[in-house]
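Keep the 3D view open as you read.

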Amino acid sequence: STADIIVFAGVWFMAETAKIINPDKKVVIPAGKAGCTLADSMTGEDVKKLREKHPGVPALCYINSSADVKAVCDSCVTSGNVFDIAQKIPGNELIFVPDMLMAQNIDAELKRRGTPKKIISSGGSCCVHDKYRPEIVDKLRAEHPGIKMLAHPECPIEVCQKCDYVGSTKGMASYVASSPDKTFGMLTEFGLVNRLEAEHPDKTFIWPYGVCSYMKKNSLINTLEALIDPRPDQVVTVDGRVAVQAKKAIEKMFELAK
Ligand code: SF4
């Protein structure tokens, strides 16, 4: 961004990433210092201990993690590049944090590609995506013959394995845009569904449930407050040493994603 101030209307770990990449800019987050179930499931200390138990094993962290966690991992990944980077990282073992459900999906995808690795995972899950169950896929298929089911890799593996497409927000949007099909079952956060409905008025999106209460803590009023006179907890700061290390993991991701 060329602006001097970045307003990040997401959750804290996202705003931290914006600050790490733009250290000279003021980054504010309307919702204040609120994490989420996934990013709060593990600290950098937890990851250090896990790495000590598995010396020499490369460690990847999902971008939905705190700066502390990023700082002690070799590379970050996004939901869009996670499978390719996990495959590319050398070795037969891989530490993946902090999304335990995504770790199961990596394991399955690498086996499917014929390049299996032992995935050592720890952490928690996204409280939006971990609520989906395989039965919802069966129900929507029965109710909407011909429906294409899409899931995010933060969903449980039993759900993903029943879907037609598993991928990132961007991946799901591309799938919908290039598909001749008309009805899509969306197992992801409502924000994407809302956007796709506006972009594709000729298509129908069936969304069973899934709203992130953490992201919804940003409102017009606190966005205005953060812009005009931010409270101290709305101003994003990252410890200098942590920021330098976390930036290396983010840059490594860009290098590996090429
Ligand atoms: S949807 Fe909400 S709870 Fe899930 S990872 Fe994103 S911010 Fe966290």
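## A sheet with β9 and β10

Strand β9 (residues 183-187) runs parallel to β10, and three bridges link the pair. Across from Thr183 you'll find Thr204 in β10. A quick word on the labels: strands (E, at least two residues) and helices (H or I, at least four) are DSSP runs, numbered from the N terminus. Two strands pair if DSSP finds at least two bridges between them.

Zoom out and you get an open sheet of four strands, in the order β8-β7-β9-β10, with parallel pairing. At the edges sit β8 (165-166) and β10 (204-206), each pairing on one side only. Helix α8 (residues 169-178) lies across β7 (148-151), β8, β9 and β10, and runs at about 165 degrees to β7. Angles like this go from 0 to 180 degrees between N-to-C directions, with axes being lines fitted to C-alpha atoms, for helices over the stretch in contact.

## Where this comes from

This is a predicted model, where local features need pLDDT of at least 70 and side-chain atom pairs count only at pLDDT 80 or more, while totals for chains, interfaces and linings use all residues. Residues are numbered from 1 along each chain as its sequence is written, and side-chain values use heavy atoms, leaving out hydrogens and water.

## The sheet around β3

There's another open sheet of four strands, this one in the order β4-β3-β5-β6, and its pairing is parallel. Its edge strands are β4 (75-77) and β6 (118-121), each of which pairs on one side only. On average, neighbouring strands here are turned by 30 degrees against each other, direction ignored.

Look at β3 in this sheet: Ala59 and Cys61 point one way, Leu60 and Tyr62 the other way, and all are buried. Buried means under 20% relative accessible area, exposed means over 50%, and partly exposed is in between (1.4 Å probe, protein chains only). Three bridges join β3 to β5 in parallel, with Cys61 partnered by Val97 in β5. β3 also pairs with β4 in the parallel sense over three bridges, and there Tyr62 has Val77 as its bridge partner.

## Helix α5

Helix α5 (residues 100-112) lies across β3 (59-62), β5 and β6, running at about 175 degrees to β6. Its buried residues are Leu101, Met102, Ala103, Asn105, Ile106, Glu109 and Leu110. They pack against β3, α4 (82-88), β5, β6 and α7 (157-160). Contact here means heavy atoms within 4.5 Å.

Now find α1 (residues 12-21) and α11 (residues 240-256), which pack at an angle of about 95 degrees with their axes 9 Å apart. That makes α1 roughly perpendicular to α11. The cut-offs: under 35 degrees is roughly parallel, over 145 roughly antiparallel, 65 to 115 roughly perpendicular, and the rest oblique. Thr17, Ile20 and Ile21 in α1 meet Ala243, Ala246, Lys247 and Ile250 in α11.

## A look at Ser41

Is Ser41 buried or partly exposed? Ser41 counts as partly exposed because its relative accessibility is 25%. Ser41 lies in the loop between β2 (26-28) and α2 (44-53). Leaving aside residues up to four places away in sequence, Ser41 touches Asp46, Pro98, Gly123 and Gly124.
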